[in-house]
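This briefing concerns the structure shown below.

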Amino acid sequence: NHLGLPITKLSSSSTREIDNHIMKTQQELDQVMRIMRSNLEKLAERGEKLDELTLRADALQESTNQFGKTTHTIVRKYRRRPCFFYFYIILSIFTLLVTIYYIYIFLSSKRNVG
């Protein structure tokens, strides 16, 4: 022996105990490996779900932005509509008054002539 330790032979019962201990350790290691693989699969699934949720959130945000733009356009359109309506009414009244004025002048000039 080069380490200076006494060499002892193991009995068959000691060998069985060591083998049992190794087998038990191997079984525990296999169980831990199964748990770790399961955790990695769950982590990958969670990542995929997060990616899907991110895509849905982005699509929802885009829809929200488009809805806001459309709403703003419609509100602006209908706010202007009464202004144009009143403008056309005032323009029509003014045109009617001018027409009446010119008819009055035309008729009064015909009376004066004839």
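The secondary structure of the protein chain amounts to 1 helix and 0 strands (DSSP runs, H or I of at least four residues for helices and E of at least two for strands). The model is predicted: local features need pLDDT of at least 70 and side-chain atom pairs pLDDT 80 or more, while totals for chains, interfaces and linings use all residues. Residues are numbered from 1 along each chain, and side-chain values use heavy atoms, without hydrogens and water.

**Accessibility**
- Of the 114 residues of the protein chain, 0% count as buried (under 20% relative accessible area; exposed is over 50%, partly exposed in between; 1.4 Å probe, protein chains only).
- The protein chain exposes about 11300 Å² (Shrake-Rupley method), and carbon and sulfur atoms supply 64% of this area.

**Surface patches**
- A nonpolar patch of about 820 Å² accessible area is formed by F85, Y86, I89, I90, I93, L96, L97 and I100 (residues with over 30% relative accessible area and no salt bridge, nonpolar side chains joined within 5 Å, like charges within 9 Å; a salt bridge is a Lys or Arg side-chain nitrogen within 4 Å of an Asp or Glu carboxyl oxygen).
- Y86 lies in helix α1 (residues 12-113) and is exposed at 52% relative accessibility.
- E41, E45, E48 and D51 make up a patch of negative charge on the surface.
- E48 belongs to helix α1 and is exposed, with a relative accessible area of 55%.

**Aromatic pairs**
- The structure holds 2 aromatic pairs (Phe, Tyr or Trp ring centres within 6.5 Å; planes under 30 degrees apart are stacked, over 60 edge-to-face, the rest tilted).
- The rings of Y101 and Y102 form an edge-to-face pair because their planes stand at 70°, with centres 5.7 Å apart.
- Y102 is exposed, at 54% relative accessible area.

Key
Rings of Phe, Tyr and Trp (its six-membered ring) pair if their centres lie within 6.5 Å; planes under 30 degrees apart count as stacked, over 60 as edge-to-face and the rest as tilted. Accessible areas come from the Shrake-Rupley method with a 1.4 Å probe; for residues, only the protein chains shown count as cover. Lys and Arg count as positive and Asp and Glu as negative; His and the chain ends are not counted. The place of a charge is taken as NZ of Lys, CZ of Arg, CG of Asp or CD of Glu.
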